[in-house]
Amino acid sequence: MVIWSLQREKRLRKFVYMISGTGTSKSYFLLIVMAFLVGSCEKNEIKTDLPLRTVIVYMIADNNLDYFSVQDINEMERGFNTSFDGNLIVYVDRGEGATPSHPIVYEIAHDTTETIASEITFVYKEQNSANEIVMSNVLSDIVTQYPAQSYGLVLWSHGTAWYPEGTNIDVSNETTVKRLPLTKSFGKDKTNELNISKLKNVFPVHFDFLIFDACYMGSIEVVYALKDQVDYIVSSPTVVLSAGYPYAAITGLLFDPEIDYKKLAIDFFESYNSLSDALQSATVSVIQTAKLPDLAKRVADIMNDTNSLKKANFSNIQQYTANQGGFLFDLEDFISQSSSNSKLIDRFKSTLSEVIVYKIATQKIVDNLEINRFSGLSMGITANDKYYDFYKTLDWYKDSDYYNYFDKFYFSK
């Protein structure tokens, strides 16, 4: 629950101070205050000269990424300019011991120091930011306070693609790769996590774009679940290093009337490709969600041609987790090897090329995983029934008729 909008409180206090010493009767004073509040609402409702865009950054940093949240907010301040037609609003829930550790909202202003100088406009009590009701309420609060002609969203935190809470696919926890840089994915507040099946219900408005500053969220299951809430999704099917996106460079792009998503992706990619060793690590793709239902139909065609289905050899398909744990595989690579019907495969590839506006990848991820084939999206093909019951709840599983593959090769009764 939001404690108060500090901007609104300042305006009300100023108004009360102006009229409280005039000798007005108490009842008349209350009527004036009520009229002020009602009048403010009416003005907001009929306002036509709204800014072009409000961009919301939702940062769940109540975990081991707390330090990087401060770095990224400072980058946003360096990249923001008062000439932008809109507002950049950051909700951040920092780690225990931070000042403050409870969630707050910044209205980003330009600043070049290493101290966050932006104004705090909302203050919240300590809450689970990875809860779908909390997240929905926060986004609604911000949209109400900062109405615009259009909206963009950045999701920043820990999580694991479509997998249910408690699944560990993060390479940074593997004993053999502890020397590697810290990575991140979406939706973890302490030990609490947000499943994709819940995330799809938190959006109070339709968003022009969604950027996942997060690991593994370039998953067909994830983007398909969100296809009705957002037009374009920028994400990675592999890890995203803890430094995240180069906000000083890309912030201006987010406020262009027509966003150059290709340039946004290239700026992210080059910020890592210019580095060396394990730090030269990045994959990114731009997904046009309007084309995703067509892609589901193409896959359904393949899955319904059961006589042509082939059992995939996992060892021959491009994996996207550096621990080679069989959690995430390249979408095109898997589908292409799952059927002998070349006509249907070609139709699938053609539609996929319309879904993926742009894609690019370094040759290796965290100096451990080689990227030989890169379609821009991952897909789950696990034969582990530990996750199968959850997978069956996903929209992609249902609409792509993926059950035919599992029925034929794994779990038929």
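Predicted model: local features only at pLDDT ≥ 70, side-chain atom pairs only at ≥ 80, totals over all residues.

Colleague: Which residues does K227 touch, not counting residues up to four places away in sequence?

Modeller: K227 touches T289, L292 and P293 on that count, where contact means heavy atoms within 4.5 Å. Residues are numbered from 1 along each chain as its sequence is written, and side-chain values use heavy atoms, with hydrogens and water left out.

Colleague: Thanks! And where is K227 placed?

Modeller: K227 is in the loop between helix 6 (220-225) and strand 11 (230-235). Helices (H or I, at least four residues) and strands (E, at least two) are DSSP runs, numbered from the N terminus.

Colleague: Is K227 buried or exposed?

Modeller: Buried, with a relative accessible area of 17%. Buried means under 20% relative accessible area, exposed over 50%, and partly exposed in between, with a 1.4 Å probe and protein chains only.

Colleague: Which ring does the charged end of K227 sit over?

Modeller: That of Y224, at 4.9 Å from the ring centre. The rule asks for NZ of Lys or CZ of Arg within 6 Å of the ring centre and within 35 degrees of the ring normal.

Colleague: Nice. Speaking of rings, how many aromatic pairs are there?

Modeller: The count comes to 32 aromatic pairs. Rings of Phe, Tyr and Trp (its six-membered ring) pair if their centres lie within 6.5 Å; planes under 30 degrees apart are stacked, over 60 edge-to-face and the rest tilted. Take Y58 and Y91: their ring centres are 4.6 Å apart and the planes are at 15°, so this pair is stacked. Y58 belongs to strand 2 (residues 53-61) and Y91 to strand 3 (residues 86-94), so the pair ties together parts 33 residues apart in sequence.

Colleague: And what about F334 and Y405?

Modeller: Those two are edge-to-face, 5.3 Å centre to centre with 90° between the planes. F334 is in helix 10 and Y405 in helix 14 (residues 403-409), so parts 71 residues apart in sequence are tied together. F334 is buried at 0% relative accessibility. Ring pairs also link F334 and Y405 into a cluster whose members include Y388, Y391 and Y397.

Colleague: Let's switch to helix 11. Which of its residues are buried?

Modeller: L344, I345, F348, T351, L352 and V355.

Colleague: What covers the buried residues of helix 11?

Modeller: The cover includes strand 13 (283-288), helix 9 (292-304), helix 10 (331-337) and strand 15 (356-361).

Colleague: Where is D401 found?

Modeller: In the loop between helix 13 (395-399) and helix 14. D401 counts as buried, at 16% relative accessibility.
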